[in-house]
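Subject: Structure handover

Hello,

Here is the structure for you to look through. My notes on it follow below.

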Amino acid sequence: YITLSAQDNADFNSITIPNAANNIEPFTIYASTFVYESSAPYTAISAPAHLGMLSQLTSITGTMADEPTRVETAKLSAGITRTDVQISTSVSDCYNGAAWVACPYWIAGSTTASPGVTGWISSGTWILNTSLPTWLHGMTYWIITRSSDNANNTETVFTQPTSPSVFVDSVSVTFDLWAPTAAISNLYLT
């Protein structure tokens, strides 16, 4: 039994033991070293801006990272496997890419990333430019993001990560789809 903390290195060895008759035979030692990584990745939404008033929205973009903090520079990342986006109008209505369904529902974003030290994706950008709803006038939408890594750690949304940067994983936007109008109230002819 061994207890590991976040991103500890661990060595495990196994030895072939002689059989029950105590025959002395050559034995083999097998060793394996791995990194136990338990910290979740984090995301940030770049666009749209929080509390934005929009007339259109064709893509939602942001950044993602699964990196050690500046204090943990010797530690490794498990690498990001995916970034998901949730679009909702309330606590109970989420968009699934085709219709409004019960929350929670997450839509996979497309990622562009750079490999980290391990060759896995440790940071990069993501975009959701397909599977967007038909935006409604006067409606406020809540957009939330989260990432998962190769160690099966999933970001807890609305939690500020311990990181070198500030990341915001949710925004709220309202749509104004109507054109402004003007009327003349007094017309003076001379």
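A disulfide is counted where a pair of cysteine sulfur atoms lies within 2.5 Å. By this rule there is one disulfide. Cys94 and Cys103 form it, with their sulfur atoms 1.9 Å apart. A disulfide is a covalent bond between the sulfur atoms of two cysteines. The torsion about the S-S bond of Cys94 and Cys103 is about 105 degrees, so this disulfide is right-handed.

Two notes on the source. The model is predicted, so local features need pLDDT of at least 70 and side-chain atom pairs count only at pLDDT 80 or more, while totals for chains, interfaces and linings use all residues. Residues are numbered from 1 along each chain as its sequence is written, and side-chain values use heavy atoms, with hydrogens and water left out.

Next, burial. A residue is called buried under 20% relative accessible area, exposed over 50%, and partly exposed in between (1.4 Å probe, protein chains only). Cys94 is buried, at 0% relative accessibility, whereas Cys103 is partly exposed at 23%.

Strands are DSSP runs of E with at least two residues, numbered from the N terminus. Strand 13 covers residues 170–175, and six of its six residues are buried. In a regular strand the side chains alternate between the two faces of the sheet. Ser170, Ser172 and Thr174 are buried on one side of strand 13, and Val171, Val173 and Phe175 are buried on the other.

Which strands pair with strand 13? Two strands pair if DSSP finds at least two bridges between them. Strand 4 (residues 52–54) runs parallel to strand 13 and is joined to it by three bridges; Met53 has Thr174 as its bridge partner. Strand 12 (residues 140–149) runs antiparallel to strand 13, with five bridges, and Ile143 stands opposite Val171.

Ile107 lies in strand 9 (residues 107–108). Is Ile107 buried or exposed? Ile107 is buried, because its relative accessible area is 7%. Leaving aside neighbours within four places in sequence, its contacts (heavy atoms within 4.5 Å) include Tyr95, Asn96, Gly97 and Leu128. The C-alpha atoms of Ile107 and Thr130 are separated by 9.7 Å, and the two residues are 23 apart along the chain.

Last, Leu189, which lies in the segment after strand 13. Leu189 is exposed, with a relative accessible area of 75%.

Regards

Terms used:
Helices (H or I, at least four residues) and strands (E, at least two) are DSSP runs, numbered from the N terminus.
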